[in-house]
Every structure is written in C-alpha cells, then in structure tokens.
Amino acid sequence: MPIDSDLRIERVIHFLAQAAAGQWSERIPLEDEGSDRLLELEYGVNMLLDELAQTRASSELRQHEIEQKAAQLAAHQQEMLRLLSTPVIRVWPGVLALHIIGEVRPGRAAIMTESVLAQVVSERATHIILDLTGMLAVGSDTARSLLRLAQAVRLLGARCLLTGIGAQLASALVGLTFELSDVTALPTLADAIAYVLQERGVHLVSHKQ
C-alpha cells in the first residue's frame with residue numbers, strides 16, 4: 001500500500017539528516033505511485049547519497065595512497081640520512097675512512113657506529129680512519145660515542161685512527177674515564193694513511209725533479 005505524501009516527505013528529511021551525519025549506506029525506497037515531483041525528489045536524494053558514498057570511498061583510497069607514499073618517502077629519507085651520515089670510503093685494501101661533518105647527535109652516532117662496524121666486518125678492515133676536521137659542537141656525549149666506536153672497532157680486530165682533533169674534542173676526551181689506548185690520534189688524513197702504510201711495511205718514496 002503506497003504511503004502518503006507527508007510520510008514520504010518525512011522519510012526524505014530523515015535520509016537527508018542521516019546523510020548530514022555521514023550515514024550514506026541506505027537508500028530511499030522509490031514509490032511507483034504518487035506525486036511525480038516527490039518521486040523526482042526521492043530519486044535525486046538517492047543519487048546524492050550515491051555520489052557522497054563514492055566520494056568518501058575515493059577519499060579513503062586517496063588517503064591510503066598518500067599514507068603509503070609518505071611512509072615510502074620517510075623510509076627513503078632515513079636511508080639517505082644513513083648514507084649521508086656515514087660515508088665510509090675504502091681508501092686502501094683493508095683501510096676505511098669516514099669523514100665526519102657537522103654535529104654528531106646520539107641518533108647519528110648510533111647510525112654511524114652501525115655502518116662503520118658493518119663495513120669493518122665486510123671489508124675485513126684492519127684500520128678505520130675517522131677524520132674529525134669538519135665536526136661541530138663537540139661535547140662529552142660526542143667524545144664518549146667516538147671512544148665507544150673505537151673500542152667496538154678494536155674488538156673486531158681493527159685499529160681506529162682519529163685525525164683532525166680540535167682543542168674542544170681533545171679536552172672532552174681527556175675528561176672521560178675511557179681507556180684511550182684504543183685510539184691513535186694523528187694530525188691529518190694523509191698522516192693517518194702514511195701511518196697505516198708504515199705499519200704494513202710500505203715505504204713512500206718521494207721523487208724529486
């Protein structure tokens with residue numbers, strides 16, 4: 001039995017109220033009989049609900065895609081940060097060098113230690129040279145991280161050489177209770193390479209013109 005126009009209007013209002021509350025799953029049952037204008041209204045409301053549902057589905061899919069891309073970008077940035085923070089260079093068979101530039105915060109120190117130790121193992125390195133010429137904001141935490149790295153390198157059977165130590169770092173290192181015998185300090189990277197070669201019995205000959 002067809003419902004009267006007033007009830008149909010109330011039903012339309014009810015569905016519109018549900019739509020305003022974000023409930024778009026149900027649709028108005030269409031009446032074959034009655035006012036054509038009411039039927040057009042009911043049909044129009046149903047189309048509106050369909051469009052809203054599709055828009056929400058598209059928005060959720062788009063949001064999911066954005067979140068995935070954001071996660072991928074964050075992972076890429078972390079990998080780039082890891083690579084930029086730990087540019088370990090193979091300067092000679094068994095000899096690695098790491099140029100430390102900028103401030104060494106705890107997070108970067110952990111990444112740097114992980115990368116250096118992994119490279120020492122993979123390269124079977126005997127020496128790792130840490131060039132500290134470009135390092136900034138040196139404090140006790142930074143000095144402690146460097147000494148821990150040197151000790152870890154020593155446990156792997158390699159020697160840690162420090163070059164470019166400034167006055168601030170020297171003061172910080174002396175103020176710690178760590179054993180400094182794990183560290184060999186030299187003025188420059190060239191001095192460190194010459195030291196390694198001398199240890200290996202390689203003598204550099206200068207050619208005078």
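Modeller: Two strands pair if DSSP finds at least two bridges between them, and strands (E, at least two residues) and helices (H or I, at least four) are DSSP runs, numbered from the N terminus.

Colleague: Thanks! Which residue stands opposite Leu130 in β4?

Modeller: That is Leu162. This is a predicted model, where local features need pLDDT of at least 70, side-chain atom pairs count only at pLDDT 80 or more, and totals for chains, interfaces and linings use all residues. Residues are numbered from 1 along each chain as its sequence is written, and side-chain values use heavy atoms, with hydrogens and water left out.

Colleague: In what sense do β3 and β4 pair?

Modeller: Parallel, over five bridges.

Colleague: And what is the strand order in the open sheet?

Modeller: The five strands run β1-β2-β3-β4-β5, with mixed pairing. At the edges, β1 (88-92) and β5 (183-186) each pair on one side only.

Colleague: Which strands does α4 touch?

Modeller: α4 packs on the sheet against β2, β3, β4 and β5; contact means heavy atoms within 4.5 Å. Its direction makes about 170° with that of β3. Axes are lines fitted to C-alpha atoms, for helices over the stretch in contact, and angles run from 0 to 180 degrees between N-to-C directions.

Colleague: New topic: what does Leu169 contact, leaving aside its neighbours within four places in sequence?

Modeller: Leu132, Met135, Val138, Ala143 and Leu146.

Colleague: Where does helix α6 lie?

Modeller: Helix α6 (residues 189-199) lies across β1, β2, β3, β4 and β5, and runs at about 150° to β4.
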